[in-house]
Amino acid sequence: MIVGSHRRYLKSPAWYLKFCQSFCHQLYDSTVETHAKMTTADASPKLQQLVQDVLQRDDSTRILGTAGLTVVLLVWVYYHFLATPDLSFLPRAGKAPGLFGLGINDVKRDFAKNGTKIINEGYRKNKNGMFLVQTLNVERVVLSPKYIEEINSKVPEGTLDMVEGLRERLLSAQTNLDVVFRSPLHIDVCKDQLTRNLHHLIGPLNDEANHTLSRLIPHKVELKAYDTMVGIITKNASRMFGGTTISRNEEWLKSAADYSMDVVSVAVKLRPYPAFMRPLIYPFLGGSKILDHHLHVAKKTFSHIFAERLALKDTDEKPVDMLQWLADSARGSDRNPDVLAHNMLFMALASVHTSSATIIHVLFDLCANPEFMEQLRQDVQQAVDESGWTLAAIAKMKKVDSFMKESQRMNQAVLTRPLKFEDGTTLPVGTYITMPSHAVATDPDIYSNPETFDGFRFYDKRMSSKTEANRHQFATTGPESLAFGQGKTACPGRFFAASNIKVVLANLLLNYDISFPPGQTERPKNLHKGGLVRPDPRQTLIFTPRK
Ligand code: HEM
């Protein structure tokens, strides 16, 4: 029935897609039943039917069908028996898939719904060890933060693959992000030039925030927080990418704001298919055209600029922006304007929604705790009065920094980005490891009254002694603070993220009163899915310009 309809399905992409889906579901359903009936030695009727259907076709279809089925079965066997590391010796949190991964979709559905609870329970039971959990994509080993020190100091360089987890999450082989991930260029420029040049960026970031806010919110208005902040952050990030030419380019801004959601949405649609079928399916997904469009916009926006920037000599005066840092650092096949344009799309993916979600959480926490508003405003005013819009002023905004960190602590994703652990005494090659950032952030052994929002929790810690003064900052990472990942593999853009969010927040505080709509006093509940946490995109805020 299925393989026989092969040629007919091939006539139209939609039919072909349906064919692939039904083939997989048939195979999946059949194998589930085969497993359930293994003890009766009775093969699944659906699987039998599938094989019968193939055998009853004419010769050529039969040969093709049989060959196809054999390949599918071999790949499936490889995938479940040989390609997955054996982690069965570890304790597990949440439901376990059946033998050979059967019933895995139910387990994933359960994780989508109860991910936070599952991880938190796993952490409580295995605080000083590690446990296994089936997440929405792969199985991950969740490590106690006590391993951080050991990983950072003893694991040899190159053992942890920083990109592999992201590759898996974004299915980069199909969504074309492998062009970016095949080299560490995007990580290196963030770690090095972006962070080193922060002091050049504060003035332009402030200018951009002013420009946007004066046009977007000239009078009292109620706006959706999510859309508004994504718009402001995309413009500010784009100002750092390439000055006002980029930050005022509406076509690019739209792609930069939408790209990460669109990539994730394609990855979500592709994931149910076995890896070997994804390249066949991808071109027929609606989302693939949208990703092509974003890439087209990125090339149209950046490729001609990269061609000029690559030609600049070291003796030339060079702009201080992401375009130039990428051009200067690119080697080998990365020295290609189109490849660099693709890198810019990734920069948008890494920076826009992460920073937007952070500032939205901060605003929700501010509106729910308005008693902090005036003190934060004074913190900003004093720093700017003393040092102008400079990096020094940003560093002086310690109360704002503390409020941001407390908001991040309370609204943390459950899992940080996973890493591939290549050696070690316990975990086999190919294991995805991760840290339980939400469970740690709400652990009463680490934070007193963890359920209480205390905007100056980290400020008070910094003020408590000289040795603590430079710790507990928004961009500081450590076993107690996992939102940016850890150690050598921590987010390389976090210092820029901290400064940019502070600049935007400081401008909002100085120029507006911000509140929930009348009658609302509590922040909206976060949306949880599969261990990820999002601020509610439906929530509106009222912005009232201050005299
Ligand atoms: C509040 C905002 C942000 C948060 C919460 C955040 C969080 C993270 C996390 C958790 C990781 C993975 C670290 C790990 O492997 O343990 C990461 C990686 C990364 N982030 Fe950020 N990030 C933010 C903003 C930014 C910004 C503004 C940039 C660039 C301008 C950036 C660039 C990157 C890059 C290049 C990577 C490495 C990606 C790779 O492995 O290929 N991030 N970030």
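## The shell around the ligand

Three helices, α10 (185-196), α18 (337-368) and α24 (494-511), each supply at least two residues of the shell around the ligand, and among the contributors α18 gives the most, with six residues. Helices (H or I, at least four residues) and strands (E, at least two) are here DSSP runs, numbered from the N terminus. This is a predicted model, in which local features need pLDDT of at least 70 and side-chain atom pairs count only at pLDDT 80 or more, whereas totals for chains, interfaces and linings use all residues. Residues are numbered from 1 along each chain as its sequence is written.

There are 27 residues around the ligand, of which S351, T354, G485, C491 and G493 come nearest; a residue counts as near a molecule or strand if its C-beta atom, placed from the backbone, lies within 6 Å of it.

## C491 and helix α23

C491, one of the residues that come nearest to the ligand, lies in the loop between α23 and α24. C491 counts as buried because 22 other C-beta atoms lie within 10 Å; the cut-offs are 20 or more other C-beta atoms within 10 Å of a residue's own for buried, 12 or fewer for exposed, and partly exposed in between, with C-beta atoms placed from the backbone. Leaving aside neighbours within four places in sequence, C491 is in contact with F484 and G485, contact meaning that the C-beta atoms of two residues, placed from the backbone, lie within 7 Å. An unreviewed UniProt entry lists C491 for "binding site"; such positions are given in the numbering used here, feature names are shortened, and annotations may be inferred rather than shown by experiment.

In α23 (457-464), the buried residues are R457, F458 and Y459, and what covers them includes α21 (398-410).

## A three-stranded sheet

An open, antiparallel sheet is formed by three strands in the order β4-β10-β7, two strands being paired if DSSP finds at least two bridges between them. Its edge strands, β4 (221-224) and β7 (512-515), each pair on one side only. Neighbouring strands are turned by 30° against each other on average, direction ignored.

Between β4 and β10 (residues 540-545) the antiparallel pairing extends over four bridges, and L223 stands opposite L541 in β10. Helix α12 (residues 225-242) lies across β4 and β10, running at about 80° to β4; axes are lines fitted to C-alpha atoms, for helices over the stretch in contact, and angles run from 0 to 180 degrees between N-to-C directions.

## Two residues with positive phi

Most residues other than glycine have a negative phi. L171, in the loop between α7 (164-169) and α8 (172-175), has a positive phi near 45°, and N449, in the loop between α22 (437-441) and α23, has a positive phi of about 40°. L171 is buried, with 24 other C-beta atoms within 10 Å, whereas N449 counts as exposed, with 9 C-beta neighbours inside 10 Å.

## The chain as a whole

The secondary structure comes to 24 helices and ten strands, and buried residues make up 39% of the 547 residues in the chain. Among the contacts with a separation of 6 or more, residues 24 or more positions apart account for 72%.
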